[in-house]
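Here are my notes for you, with the model shown just below.

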Amino acid sequence: MERKASKLEEIARSGSPWQIAIRRLLSDWVAVVSLVFIGVTAVVALLGYLIASDSTPYSNSQHLELTTCKPGFKVQMLQVHKQEDVLDRTWIGKMMYGEELPYREIPLNSYRFVDGYIEIEEYNPIPESTPIVTKHSLVNVLYRIHPDFKPEYTSDSAYFTLANGQKMSRSIVDLQQQVLSENIVNRKFILGTDRFGRDLFSRLIIGARVSLSVGFIAVGIALIIGIVLGALAGFIRGWVDDVIMWFINVVWSVPTLLMVIALTMVIGKGFWQIFVAVGLTMWVDMARVVRGQVLSIREKEFVEAATVLGFSRFRIIFHHILPNIFGPIIIVSASNFATAILIEAGLSFLGIGVQPPIPSWGTMIKDHYGYIIMDKAYLAILPGLAIMMLVLAFNLLGNSLQDALDPKAVERK
């Protein structure tokens, strides 16, 4: 048994430092669960509109008569063809930006056919109220009609001209059968609807894209600024270090949320502006960590050898020093990722982050926090739970990375 244990230890310590760190990370079940959760969330966010029930841009298809319906709610819809042009996207375009539907949906309680028309009783959440009955031409429900020619009906047929000028005739029975098979559909809202009658499940999926995007972009900006300033301060030292550290301390002294709000007011509110604003406030942690690591490594023999050989400061910093401090950089980036998600959610909750109709988990909480004291608290709890789980996953992953990248941990074990 002792020989077997020693052999396992030998295998665990074999390979490059990065291979050892990866093996130790994958042996930690907390890290594996966090990685799987983050990976699944990333895949869902990437697919976005392809898997969302509401594939319209920003999942913003509103049905005010379906406001705050319970999870699992089902309703019949009549799909009426739109009489204007609708942009046709490829599947990649649909995945990225969504796709306008070529029809509008009308929730209904019941319907019946009357000659060349379909008469529907529109859905009403209040049973005691007066029913709303509307009548729609079967031809207009099914086709885009030429605006200069109205459909003509006889006792058993319909004559009409399509938008492209093609003249057609169909029997009314055929039109009725086509409407039944293609234009009357059942809709199920897995997590119900929000206060504007939008599909909550779809909004959560697209909201994940916003949270992950702000994390990636903000961390990317923080990496660029923090690594450059921190490396210059730690390697050159002298007055350069003094100036950079003075600037870092000034930025550090301003509360993060206050600075983000100030930057948002300067560069404006919007999707990209909030990413830039968050990124410009998160580089301080990265710069301090990089500076400290560079100060400790710049005195090593391989750095002195590179200096003696006449290598430039740029090459020494970016080719010899930075590859040796990737561990702390990755750990800080994981922490910053979680912080960026929280900041974006907080700003959206305050109304100065991502602007409607773009779905954001913070905005969803803002729109529905009043329902917490009612029997529909899930409208605010679900996006709040999504924020909590994603932030927790990144924090746990950061802790596991710290243990996996710590060379002294092997000796302790």
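1. Strand β1 and strand β2 (residues 103-114) pair in the antiparallel sense over six bridges; two strands count as paired if DSSP finds at least two bridges between them. In β2, E105 stands opposite Q79. Helices (H or I, at least four residues) and strands (E, at least two) are DSSP runs, numbered from the N terminus.

2. A word on the source: this is a predicted model, where local features need pLDDT of at least 70 and side-chain atom pairs count only at pLDDT 80 or more, while totals for chains, interfaces and linings use all residues. Residues are numbered from 1 along each chain as its sequence is written, and side-chain values use heavy atoms, with hydrogens and water left out.

3. Now the other partner of β1. β1 (residues 73-81) also pairs with β8 (residues 184-189), again antiparallel and over six bridges. The bridge partner of L78 in β8 is I184.

4. Please look at the whole sheet next. Five strands form an open sheet in the order β4-β3-β2-β1-β8, with antiparallel pairing. Its edge strands, each pairing on one side only, are β4 (133-137) and β8. From one strand to the next the twist averages 55 degrees. Helix α6 (residues 172-183) packs on this sheet, where it touches β1, β2, β3 (117-122) and β8, and its direction makes about 15 degrees with that of β8. Contact here means heavy atoms within 4.5 Å. Axes are lines fitted to C-alpha atoms, for helices over the stretch in contact, and angles run from 0 to 180 degrees between N-to-C directions.

5. Which residues have the most contacts inside the largest nonpolar core? They are L212, F337, I341, W361, I387, L390 and F394, in a core of 29 residues. At least two residues each come from α3 (29-47), α7 (200-236), α14 (326-350), α15 (361-368) and α16 (378-404), and α16 gives the most, with eleven. A nonpolar core is a set of buried Ala, Val, Leu, Ile, Met, Phe, Trp, Tyr and Cys residues joined through side-chain atoms within 4.5 Å. Buried means under 20% relative accessible area, exposed over 50%, and partly exposed in between (1.4 Å probe, protein chains only).

6. F394 is worth a click: leaving aside neighbours within four places in sequence, F394 contacts I38, L212, A334, F337, A338 and I341. A second, separate core of 26 residues includes V214, M259, A340 and I343.

7. On helix packing, α7 and α10 (residues 271-279) meet at an angle of about 45 degrees, with their axes 8 Å apart. That makes α7 oblique to α10. On the α7 side the contact is made by V210, S213, V214, I217, A218, I221 and A222, and on the α10 side by F271, W272, F275, V276, V278 and G279.

8. S400 lies in α16 and is buried, with a relative accessible area of 5%. Not counting residues up to four places away in sequence, S400 touches L25, D28, V30 and A31.

9. Finally, some backbone details to check. A cis peptide bond, with omega about 10 degrees, joins P356 and P357; P357 sits in the loop between α14 and α15. T68, in the loop between α3 and β1, is not a glycine but has a positive phi of about 50 degrees.

Technical notes
Angles under 35 degrees count as roughly parallel, over 145 as roughly antiparallel, 65 to 115 as roughly perpendicular and the rest as oblique.
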